[in-house]
Amino acid sequence: MERNHQHHEKLKKIVKLYQPKEKASMSNFCVAPFLHMYVHKNEGPRVCCMSTETAFQNMKLFKELGSDLKKLWSSDYYKDLRRSFLKNERLDICDKCWQIEDSGGKSDRQRFNETYRDVIVPNVATGNQYDAPLDLDIRPGNLCNLACRMCGPVSSSQIEKERNNKKILNPVWGYGSIPRTEVYDKEYNIDFLLSQADKGDRIKFLGGEPTIMPEVDKFLDTLIEREWFHVPLHFTTNCTNNTKRFIDKITKFTSLSFNYSVDGIGPILEYIRHPVKSEAINKNVPLYDNLPGNRYSEISFTYQAYNFFHLIDFINWSNSIGVYTRPEILRWPESLSYKSIPLQIREKRLPLYMKMLENMEVKEPLTKKEVLEKAMPVLVGMHDDKEEYPLIELARRTKLLDIARNQHIKDYIPEVRDIIEKEYNDIAI
């Protein structure tokens, strides 16, 4: 009894240590609309990747302005956003950041402010003293070589093909065509985006899979022609591509950073990120991590129902190769959320994971403090969350994709199969 009491008291201290603190800032100001531009070929431009303007709103406004990013930058829409932030107003399109901050996390708004607030002179009409964005989020479309189970056709060409060829998956991937713009086909848009990029802190490339996109090559070629090798480049990659062409280009730059999108090891990874082979990840993560210009990298582990039972195994693996893991909560699709794992199982498992994380050995150059700071808040947040989603939705999505891909979850993640077995078997397809 005494031993159990001591363990319980220790767990309470761990939970309290990593529970949400009061908001980091009382200000509602965000510097992003004054210097940042997010441009997705399929979704159109948005204020940032966290803002919630609908694709319809973006596309309509963008087309009215002749698909011209420079006109959008000085449009009434952007001017109104900037005025609102200068008045310290909270905007509805920023709800994602507010939710993160209200739960004790660190939002993109706070990161933008830390990086740029003292760098620019805010201007309602021009954004800043340079009259152009300095920080870029470049997403040239959905070209990708993977069809991850939590992704969708807007971000994966493989899923788009799968949806078009296998009607059984319409309930999973949806209906209708993928919207597309000509934003990256127009030279004046590329010129505008890069006009002041040498003064910013980062050009971020995502996809799809940016390492195989010709549009990303075009951006890199332009930067190389200008000899802007000092411009920091950031890539979010699935770590499946190590072509000499791409490696040769990026190693010309002096400051690189990477976000490796990996959600498991072995069979779990191969089930979630079809049709990846884990051998490729084991080979390519160290390759990217040891590039001469690599200043920082980390693994973005999307915590979901499929990998719920193996987070600690994954962190141990990432520690062994010297790369930090930053777990993030999967919020869409809801059916794959960790909340689909029954609450009684979560209540038993999560304290165990916290204890294992506390006792984990960490090898240099990683530090125990940073490993805990990245991973523990996620575990504590899930520990405090008592919401539970119905198993039927997890079972239905799992079975439809299993049939279409000639897989079965029992061969990859038996722990999850055991939870949804009845619902899985009862679903008639």
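1. The largest cavity of this predicted model has a lining of 15 residues, and those nearest its centre are Cys30, Ala32, Cys48, Cys94 and Cys97. Two or more lining residues come from each of α2 (32-35), α5 (76-86) and α7 (108-116). Of the elements, α7 contributes the most, with 3 residues.

2. The space in this largest cavity amounts to about 130 Å³. Its lining divides by class into 12 nonpolar, 1 polar and 2 charged residues. In the whole structure, the search finds 3 cavities of 30 Å³ or more.

3. The second largest pocket holds about 180 Å³ of space. Its lining consists of Asp289, Asn294, Arg295, Tyr296, Ser297, Gly322, Val323, Tyr324, Pro365 and Leu366. Strand β7 (residues 294-303) gives the most to this lining, with 4 residues. By class, 5 of the lining residues are nonpolar, 3 are polar and 2 are charged.

4. In soluble globular proteins, nonpolar side chains tend to be buried together.

5. Which residues does isoleucine 203 contact, leaving aside its neighbours within four places in sequence? Its contacts are Leu136, Ile138, Leu194, Ala197, Leu223, Val231, Pro232, Leu233 and His234.

6. Two cis peptide bonds deserve a check against the model. One runs from glycine 207 to glycine 208, with omega near 15 degrees; glycine 208 is placed in the loop between β4 (203-205) and α11 (214-225). Another joins tryptophan 332 to proline 333, with omega near -5 degrees, and proline 333 belongs to the loop between β8 (324-329) and α16 (343-358).

7. Positive phi values also occur at residues other than glycine. Aspartate 131 has a phi of about 60 degrees and sits in the loop between α7 and β3 (135-139). Cysteine 239 has a phi near 65 degrees and lies in the loop between β5 (233-237) and α12 (244-250).

8. Is each of these residues buried or exposed? Aspartate 131 has a relative accessible area of 35% and is therefore partly exposed. Cysteine 239, by contrast, has a relative accessible area of 0%, so this residue is buried.

Terms used
Residues are numbered from 1 along each chain as its sequence is written. This is a predicted model: local features need pLDDT of at least 70, side-chain atom pairs count only at pLDDT 80 or more; totals for chains, interfaces and linings use all residues. Side-chain values use heavy atoms; hydrogens and water are left out. On a 1 Å grid over the protein atoms alone, a cavity is a set of points where a 1.4 Å probe fits but cannot get out, and a pocket is an open set with protein on both sides within 12 Å along at least five of seven lines; lining residues have an atom within 4 Å of a point. Grid points are joined across faces, edges and corners, and a volume is the space filled by probe spheres set on the points. Ala, Val, Leu, Ile, Met, Phe, Trp, Tyr, Cys and Pro count as nonpolar, Asp, Glu, Lys and Arg as charged, and the others, Gly among them, as polar. Contact means heavy atoms within 4.5 Å. Buried means under 20% relative accessible area, exposed over 50%, partly exposed in between (1.4 Å probe, protein chains only).
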